[in-house]
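Subject: Structure handover

Hello,

Here is the structure you asked for. My notes on it follow below.

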Amino acid sequence: MKTTSPWAWIPSLYFAEGLPYVAVMTVSLILYKQLGLSNAEITFYTSWLYLPWVIKPLWSPLVDVVKTKRWWIVTMQLLIGAAFGGVAFTIPTGFWLQGTLFFFWIMAFSSATHDIAADGFYMLGLDRHNQAWFVGIRSTFYRIATIFGQGILVMIAGNIQVLFRGSIKYSWSLVFYGVAGLFIALWIWHGMVLPKPDEDRGMEKIRIRSLFAGLGDSVRTFFTKMPVKEVTVAFLFMLLYRMPEGLLVKVSSLFLVGSPNSGGLGLTPQEYGFVQGTVGIIGLTLGGILGGMAAGRDGLKRWLWPMVCAITLPDIVYVYMSYALPSSLFIINVCVFIEQFGYGFGFTAYMLYLIYYSQGEHKTSHYALCTALMALSMMIPGLFSGYLQETVGYRAFFIIVMLFCIVTFAVSAFIKIDPNFGKKENIE
């Protein structure tokens, strides 16, 4: 295989992996809020966009055997670029809702498929030493994509609106056209620089029946690898641990940009981009790093309860903001940083538990099923979170979120974890 420096493709590959996800999950919220949809409509429509990540284990075997992972990567990047262009094209039209949702769906399915191929290609394109060395680099550039998406892009849209006297549709259309161009450039770049590992081969002939038999075997063993009681507890933990965050994550963004008349803080796109897309992401990243260091030193079991507290208790900052309605951008930044730092620290327990449950035979497919349940755990609360908020108001909604933290504590109390799991020498 022709040698290509990992620096030439890993940063850009994981930037390309993160950007469509944040566009679908977060940027779409601000877009639809500015275009006049209600909170109930926004959360319902955008929560359905989690579905491709819920069901992607169904077609992941095809990515493994049809064509090559390199082919899937560049093809999906072209499709994602086309989807960004489709969103940009339909925003100014009379059918903007149907059109943008259609292209966001294409983007979501293409992004989920890109995730499968990129993560598999990472293992094929690098030796063991570089796989370990670049794991931090790939995470960093995924975070940079998140900052670029929900921070810089939202700020650019706001600045264009100022420049063109509040033309919301025009500003967002220009932003999405720009990102479409960026993805076309990434498609061309990766078509040239991605290595061609000898191991990256598809099968000329595949037997669909055997593929789905293997998938069925993975699902069967997933639910029978432990006694029924332990499997039930694990299933409930995966679905319910993040319930408060599933309720909060979309409504919190809508609260930040919502008009003061509706009980929101009324941040401009520029202010939102800085608060949530920059300060919030920094807090999330630092919390995750600290959580990983703590678990790596003492094990997951030792840090479980501090992490449970961290992912739930900082949500109270939104209760405070909904009552105080602070006008100081500094105070808002501090509150969002605290909540996101706690979420990053507490989320470590969830991700480590997914790894813990996936151990043993069929480790890869079981982890894929765990991440599908993770996406489902965010999708279900999100579907009705906006409706609940509109029914009771922001203040009561954030109090309800705090009450649902009891669910997180309850499911965490019953899981069983090896005391040594999480320590550096116990995770391969």
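Helix α15 is followed by L325, whose phi is positive, near 45°; helices here are DSSP runs of H or I with at least four residues, numbered from the N terminus. This is a predicted model, in which local features need pLDDT of at least 70 and side-chain atom pairs count only at pLDDT 80 or more, while totals for chains, interfaces and linings use all residues. Residues are numbered from 1 along each chain as its sequence is written, and side-chain values use heavy atoms, with hydrogens and water left out.

Helix α15 covers residues 316–324, and its buried residues are V317, Y318, V319, M321 and S322. Buried means under 20% relative accessible area, exposed over 50%, and partly exposed in between (1.4 Å probe, protein chains only). The buried residues of α15 pack against α12 (243–257), α13 (269–298), α16 (329–358) and α17 (363–414).

The largest nonpolar core has 92 residues, and W172 and F176 have the most contacts inside it. Helix α1 (residues 10–34) gives the most to this core, with 15 residues. Apart from it lies another core of 36 residues, among them V233, Y350, Y353 and L369. Such a core is a set of buried Ala, Val, Leu, Ile, Met, Phe, Trp, Tyr and Cys residues joined through side-chain atoms within 4.5 Å.

Leaving out residues up to four places away in sequence, W172 touches V27, I30, L31, Q34, I91, V154, A157 and Q161; contact means heavy atoms within 4.5 Å.

Lastly, I184 is found in helix α9 and is partly exposed, with a relative accessible area of 31%.

Regards

Note on methods
Helix = DSSP H or I, 4+ residues; strand = E, 2+ residues; numbered from the N terminus.
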